[in-house]
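I opened this notebook to record, entry by entry, what I looked up in one structure. The sequence and the model come first, and my notes follow.

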Amino acid sequence: MNTLTKENKQEVTETVEGKDQKSATNVRVYSPNVDVMETEDAFYFHVEMPGVDQSSVDISIEKDQLILEGKFVMPQESRGQVRLAEYKEGSYFRKFTIGKAIHSDKATAKMKNGILELTIPKMEPKKTKIEIQK
């Protein structure tokens, strides 16, 4: 039986400290919006990650935990003097408990227009007949 749970969605600012205490910087950690659909055959995740290059997205499944991570880095192109800057660099992070009855090795993902689309096929329930000993 599959279960799907998620951690509380929140935006966090973490302090990342360098080797010396003087180089500590704040890193914003975003909790992206996620839609999860389930069919008889698979789970489908749609994850908002605007501005994230697919090379910086990391998807991992360990035991029954799905972890989605990505990093947003501001483009370094100069377009003049900054008058207003509301976008901030940061990381995306979400974690879900998805159960163990999935084919993690057959999961597929693609990124299009800032949306990560992840498909995780389910395993068919294994049916085992047990004979009663005489």
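Where is K63 found? I located K63 in the loop between β6 (58–62) and β7, where strands are DSSP runs of E with at least two residues and helices are runs of H or I with at least four, both numbered from the N terminus.

Entry on the source. I noted that this is a predicted model, in which local features need pLDDT of at least 70 and side-chain atom pairs count only at pLDDT 80 or more, while totals for chains, interfaces and linings use all residues. Residues are numbered from 1 along each chain as its sequence is written, and side-chain values use heavy atoms, with hydrogens and water left out.

Entry on the backbone. I looked up phi for K63 and found a positive value of about 55°, although K63 is not a glycine. I wrote beside this that most residues other than glycine have a negative phi. K63 counts as exposed because its relative accessibility is 73%; buried means under 20% relative accessible area, exposed over 50%, and partly exposed in between, with a 1.4 Å probe and protein chains only. I then turned to N113, which is found in the loop between β9 (108–112) and β10 and has a positive phi near 55° without being a glycine. N113 has a relative accessibility of 73%, so N113 counts as exposed.

Entry on the whole chain. I counted 0 helices and 10 strands. Of the 134 residues, 25% count as buried.

Entry on a strand pair. I followed β4 (residues 34–38), which pairs with β5 in the antiparallel sense over 5 bridges, and two strands pair if DSSP finds at least two bridges between them. With 3 residues between them, β4 and β5 form a hairpin, and I noted that V34 has V47 of β5 as its bridge partner.
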